[in-house]
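Keep the structure in view while you read.

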Amino acid sequence: MSHFDELVGIMARLRGPGGCPWDHEQTLETLRKYLIEETYEVLDAIESQDVEHHCEELGDLLLQVVFQAQIRKEEGSFNIDDVARGISEKMIRRHPHVFGDTQVQDSDEVLKNWEEIKALEKGGAAVAGSAIDGVPSHFPALMRADKIQRKAARVGFDWDGVEPILRKVEDELGELREALAGGSEDAIRDELGDLLFAVVNVSRFLRHDPEELLRQATNKFIRRFQGVELLARERSLALSEMSLEGLNELWDEVKRDASLN
């Protein structure tokens, strides 16, 4: 028996007669939050570059897959073998340049073929509907915007360089200023959204992940802000009692510390 088979057997026992009351109570709905949590913990493990922790977190994520498949098996819908078979067949179909005779020049062509094969698998639904169909509505907003833009770009709806996108960002910023001057909250919200979407386009065109970039920027802010707090404590200063000028001086001092950037 492989360790994977052992895991499947453990989950079947936990859900079976005489198993665990908590596991018995779980449903696909209650497990959703754990799937999301475990996914983000895997991402944290990757960032930490702790190999053992990464291995452990991948196991926790795999457990969620096995757990959901066990529930579906009990319903008579499918089992974990069906899951593995389905994804194996899909990977073979969508990589004809590896498992067939198709020739590709680069990764862009691989992605183009992937979308075409995917459309055929769905009976041409993507062609008949929209080129930007298929992006889940529950994706994080930055990720969803990036995915939508990438799909549109694959059918030629794209910019011819980064400079026009930067001008678009400047245009949207100007429209936001006009909305602020006008005082309409609806207009302000609308223009803020357009500005964010334009910035995502810059990131996407430059082949960066906007979700990852914002996460890195947020982490940098956390390091610097905590550095400001540390300096304030060392100098017996209370942040809430300091002037904005004084806070900015501490911030600039922290920014000059390479270890916090």
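A salt bridge is a side-chain nitrogen of Lys or Arg within 4 Å of a carboxyl oxygen of Asp or Glu. The model is predicted.

Q: By this rule, what does the count of salt bridges come to?
A: The rule asks for a nitrogen and a carboxyl oxygen within 4 Å. Applied to this model, the rule gives a count of 16 salt bridges.

Q: Which helices hold Glu 74 and Arg 15?
A: The side chains of these two residues meet in a salt bridge, 2.5 Å from N to O. The pair links distant parts of the chain, 59 residues apart. Glu 74 sits in helix α4 (residues 51–75), and Arg 15 sits in helix α1 (residues 3–15).

Q: Is Arg 15 buried or exposed?
A: Buried means under 20% relative accessible area. Arg 15 has 14% relative accessibility, so Arg 15 counts as buried.

Q: Where does Arg 94 lie?
A: Arg 94 forms a salt bridge with Glu 121, with the closest N and O atoms 2.5 Å apart. Glu 121 is in helix α7 (residues 107–121), 27 residues apart from Arg 94 in the chain. Arg 94 lies in the loop between α5 (80–93) and α6 (96–99).

Q: What does Arg 94 count as, buried or exposed?
A: The cut-off for buried is under 20%. Glu 121, at 32%, counts as partly exposed. Arg 94 has 6% relative accessibility, so Arg 94 counts as buried.

Q: How many residues apart in sequence are the parts that Arg 154 and Glu 115 tie together?
A: Their side chains meet in a salt bridge, 2.9 Å from N to O. Arg 154 lies in helix α9 (residues 141–154) and Glu 115 in helix α7, so the pair ties together parts that are apart in sequence by 39 residues.

Q: What do Arg 154 and Glu 115 count as by relative accessibility?
A: Arg 154 has a relative accessible area of 35%. Glu 115 has 23%. Both values fall in that range, so Arg 154 and Glu 115 are partly exposed.

Q: Which residues are linked with Arg 215 in a network of salt bridges?
A: Here the salt bridges form a network. Arg 215 is linked in it with Glu 47 and Glu 212.

Q: What is the nearest side chain of opposite charge to Asp 23?
A: Asp 23 lies in helix α2 (residues 21–25). Asp 23 is buried yet has no salt bridge. Leaving aside neighbours within four places in sequence, its contacts are Leu 14, Arg 15 and Phe 67. The nearest side chain of opposite charge is 6.9 Å away, and it belongs to Arg 15.

Q: How many helices does the protein chain have?
A: Its pattern along the sequence is α-α-α-α-α-α-α-α-α-α-α-α-α. The chain has zero strands, and its helices number 13.

Q: What is the radius of gyration of the protein chain?
A: The globule rule gives 18 Å for 261 residues. The chain's value is well over that, so the chain is more spread out than a compact globule. Its radius of gyration is 25 Å.

Q: What share of the 261 residues in the protein chain is buried?
A: The chain exposes about 18000 Å², with 56% supplied by carbon and sulfur atoms. Buried residues make up 23%.

Key: Residues are numbered from 1 along each chain as its sequence is written. This is a predicted model: local features need pLDDT of at least 70, side-chain atom pairs count only at pLDDT 80 or more; totals for chains, interfaces and linings use all residues. Side-chain values use heavy atoms; hydrogens and water are left out. Helices (H or I, at least four residues) and strands (E, at least two) are DSSP runs, numbered from the N terminus. Buried means under 20% relative accessible area, exposed over 50%, partly exposed in between (1.4 Å probe, protein chains only). The radius of gyration is taken over C-alpha atoms; the globule rule is 2.2 Å times the number of residues to the power 0.38. Accessible areas come from the Shrake-Rupley method with a 1.4 Å probe; for residues, only the protein chains shown count as cover. Lys and Arg count as positive and Asp and Glu as negative; His and the chain ends are not counted. Contact means heavy atoms within 4.5 Å.
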